[in-house]
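The report below covers strand pairing, helix packing and selected side-chain contacts. Definitions are given where each term is first used.

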Amino acid sequence: ICKIIYKIIGNNMKTRKIILLSSIAVLIFIYGIQLILNNKSPIKIYKLKETPNKITITNQNNEITLEKVEDIWYIKNTDFLADEDIIEEFIDSICNIKTLGIVSNSNAESELERYGLNEIKTIKVNAFNSDKTIRSIIIGKDSVSPDHNYIRIDSFQNTLLAAGNLRNIFDKTIDDIKKETDSEDNTTLDK
């Protein structure tokens, strides 16, 4: 085959250069098409269209229910007002979850334990709008980086790697969430 090509081309350098440059152009074109078609990033942002008006946070120690009444958030069963900055961080974290990829598709107990998603270690966050569940998050342990956690969202059975330290954001006590004021009278909601 090489001898046949050499006879056709001969010693003509100009023809060789044309064939070589044409081959390079075709390969670059094919490479470009492959990049465009295979550019599927595993990074996803799970956005909510609705804003929650009730949030429950459950961990191994307690359950906290936050509820919005007439544009004011309070901690249910305590009548304490909730800190607006913390509530804003909760809502942003619930409505905009950025995941870096799927780490497991398994429901095996060993996999759940590996990612801190067994019952003992999880933080469960449920967001509601008009008593309808709009988002459920199960937060497991930190990944290698403390700025990433293993999570499960809504009814998906995949374990995802989430950006942002969701565990740190939602691992709060009532004292962490309640609004701090100078006067104790201003920290409660009159019903």
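Strands S2 and S3 run antiparallel and are joined by 5 bridges; two strands count as paired if DSSP finds at least two bridges between them. Strands (E, at least two residues) and helices (H or I, at least four) are DSSP runs, numbered from the N terminus. Thr-56 stands opposite Thr-65 in S3, and S2 and S3 form a hairpin with 4 residues between them. The model is predicted, so local features need pLDDT of at least 70 and side-chain atom pairs count only at pLDDT 80 or more, while totals for chains, interfaces and linings use all residues. Residues are numbered from 1 along each chain as its sequence is written, and side-chain values use heavy atoms, with hydrogens and water left out.

S3 also pairs with S4 in the antiparallel sense, over 4 bridges. The bridge partner of Glu-67 in S4 is Tyr-74. The hairpin of S3 and S4 has 2 residues between the strands, and in this hairpin Glu-70 takes a positive phi near 50°.

These pairings belong to an open sheet of 10 strands with antiparallel pairing, in the order S1-S6-S10-S9-S8-S7-S2-S3-S4-S5. Its edge strands, S1 (44-47) and S5 (80-81), each pair on one side only. Elsewhere in the sheet, strand S9 (residues 148-153) pairs with strand S10 (residues 159-163) in the antiparallel sense over 4 bridges. Ile-151 stands opposite Leu-160 in S10. Helix H3 (residues 84-95) packs on the sheet and touches several strands, including S1, strand S6 (96-104) and strand S8 (132-142); contact means heavy atoms within 4.5 Å. The direction of H3 makes about 50° with that of S6. Axes are lines fitted to C-alpha atoms, for helices over the stretch in contact, and angles run from 0 to 180 degrees between N-to-C directions.

The loop between S8 and S9 holds Ser-143. Ser-143 is buried, with a relative accessible area of 16%; buried means under 20%, exposed over 50% and partly exposed in between (1.4 Å probe, protein chains only). Not counting residues up to four places away in sequence, Ser-143 touches His-148, Asn-149, Tyr-150 and Leu-161.

The count of salt bridges comes to 7, where a salt bridge is a side-chain nitrogen of Lys or Arg within 4 Å of a carboxyl oxygen of Asp or Glu. The table lists some of them.

| Lys-132 | Glu-50 | 3.4 Å |

Lys-179 counts as partly exposed at 24% relative accessibility, and Glu-84 is partly exposed at 47%. The salt bridge of Lys-132 and Glu-50 has an N to O distance of 3.4 Å. Lys-132 is in strand S8 and Glu-50 in the loop between S1 and S2, so this pair ties together parts that are 82 residues apart in sequence. Lys-132 is partly exposed at 48%, as is Glu-50 at 33%. Lys-68 is partly exposed at 34%, whereas Asp-71 is exposed at 67%.

The count of aromatic pairs comes to 3. Rings of Phe, Tyr and Trp (its six-membered ring) pair if their centres lie within 6.5 Å; planes under 30 degrees apart count as stacked, over 60 as edge-to-face and the rest as tilted. The rings of Tyr-46 and Phe-156 have centres 6.0 Å apart and planes at 50°, so the pair is tilted. Tyr-46 lies in strand S1 and Phe-156 in the loop between S9 and S10, so the pair ties together parts that are 110 residues apart in sequence. Tyr-46 counts as buried at 19% relative accessibility, and Phe-156 is partly exposed at 41%. Phe-90 and Phe-170 form a stacked pair because their ring centres are 5.0 Å apart and their planes at 20°. Phe-90 lies in helix H3 and Phe-170 in helix H5 (residues 166-170), 80 residues apart in sequence. Both Phe-90 and Phe-170 are buried.

Charges over rings complete the list. A charge sits over a ring if NZ of Lys or CZ of Arg is within 6 Å of the ring centre and within 35 degrees of the ring normal. Lys-54 lies over the face of Phe-128, at 5.3 Å from the ring centre. The charged end of Lys-178 sits over the ring of Phe-80, 4.5 Å from its centre.
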